[in-house]
Amino acid sequence: MKVTERALNRATLSRQLLLRRAELTPLDGLRQVVALQAQHPASPYIALWNRLSGFDPAELDEAFARRTVVKATLMRITLHAVLAEDYPVFRAAMQPTLYASRLGYRFAAAGLTPADAEELVPELLAFAERPRTMAEMRAWVEERLGAERGDGGWWGLRAYAPLHHAPAKDPWSFGYRPSFVAAAPRPAFTGREPDLQALRALILRYLAGFGPASVADAAQFVMMRRATVREALRGLEGAVEQVQGPDGLVLFDLPDAPRPPADTPAPPRLMAMWDSVLLAYADRDRVIPAAYRPLVIRNNGDVLPTLLVDGYVAGVWRPTARGVEATAFHPLTRAVWDGLAEEAESLGALLAGREATPYSRHHHWWARLPEAEMRLLPATR
């Protein structure tokens with residue numbers, strides 16, 4: 001079976017609940033989309049608002065408070081919101097990546113070794129049995145390692161140790177100054193060797209939420225060597241099938257996963273900052289036209305909130321005190337603008353009473369955008 005580029009786009013949108021909002025609870029919606037990028041506190045909420053019919057942000061508040069959904073460093077060494085039941089397997093799959101990325105560089109430059117980390121982690125987790133502020137965690141590390149090694153030590157342990165961000169009472173459950181709490185139950189894994197069973201489980205979830213996908217795509221999602229991903233896929237024979245992608249590229253998928261026709265309509269959406277659908281592939285042309293990629297993914301790693309039109313990025317948006325400011329990189333039809341206006345009104349209802357301008361600290365990027373059509377879409381009637 002051959003899958004066209006546009007059909008790949010529609011498969012992604014279908015599995016990410018972006019062809020139509022699903023009547024699912026936040027927990028079931030999160031299970032389907034696998035994980036939500038959570039660098040910005042508001043983004044998991046906006047991501048689920050895009051995907052679920054009648055989304056109630058209070059339900060996600062409660063899930064974070066009860067820790068049935070947790071926020072932690074996982075795929076691509078970035079913050080994600082995932083189901084608590086998924087965290088142990090996802091963390092086990094990511095162990096070698098976190099080991100390599102966080103126990104080298106600044107950690108090693110501070111004169112510390114992986115053996116030091118393995119000795120410190122159990123004590124650090126015991127200290128974080130209850131929520132601890134960033135200052136408390138840093139002070140704990142400095143007390144054991146000395147001030148001269150504390151900065152590099154905490155930099156490594158902050159992402160390597162199985163820590164969750166502790167929910168707070170901010171508008172979006174988390175603030176910009178995180179507190180930390182030990183993962184419960186504590187994962188029992190160390191070292192740099194991949195847990196292939198856990199990696200295979202994560203790859204299956206990835207294909208369910210983002211497939212069809214190539215070896216390079218899956219490797220990008222977990223930030224792991226392609227050879228390791230290939231080895232994991234070899235152990236999934238019978239559970240996955242191969243399909244032919246554009247230009248003859250071999251793609252992997254679940255046999256019963258949905259692949260809507262390429263001409264399936266895709267409604268306009270106001271995508272969250274760092275939305276997972278923009279970053280889950282090595283080939284980001286699946287959703288972001290190549291010409292727009294440097295406008296959306298900035299050189300420091302910021303990924304701006306985007307307009308999704310006919311399934312592809314067509315511009316960016318930002319919430320302001322006056323409404324949603326939408327900037328289109330190419331001309332849009334009146335029907336599309338009307339659809340975006342409806343989305344802006346719905347988004348305004350989500351933001352009301354929480355935070356009217358959640359992405360305001362990133363507004364400096366708008367001064368660097370090329371000249372384009374901008375419209376102010378009212379967030380209320």
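**View 1. The second largest pocket of this predicted model holds about 280 Å³ of space.** A pocket is here an open set of points on a 1 Å grid over the protein atoms alone, where a 1.4 Å probe fits and protein lies on both sides within 12 Å along at least five of seven lines; grid points are joined across faces, edges and corners, and the volume is the space filled by probe spheres set on them. The lining comprises 14 residues, and L8, P246, L249, L251 and D283 are the closest to the centre of this pocket, where a lining residue is one with an atom within 4 Å of a point. This is a predicted model in which totals for linings use all residues, whereas local features need pLDDT of at least 70 and side-chain atom pairs count only at pLDDT 80 or more. Residues are numbered from 1 along each chain as its sequence is written, and side-chain values use heavy atoms, with hydrogens and water left out.

**View 2. α11 gives the most to the lining of the second largest pocket, with 3 residues.** At least two lining residues come from each of α1 (5–15), α11 (215–222) and β8 (250–253), where helices (H or I, at least four residues) and strands (E, at least two) are DSSP runs numbered from the N terminus.

**View 3. The largest pocket has a volume of about 790 Å³.** Its lining is made up of 38 residues, and Q39, I77, T78, L79 and R158 lie nearest the centre.

**View 4. α9 gives the most to the lining of the largest pocket, with 5 residues.** The elements β2 (69–73), α5 (87–102), α9 (147–160) and β5 (163–165) each supply at least two residues of this lining.
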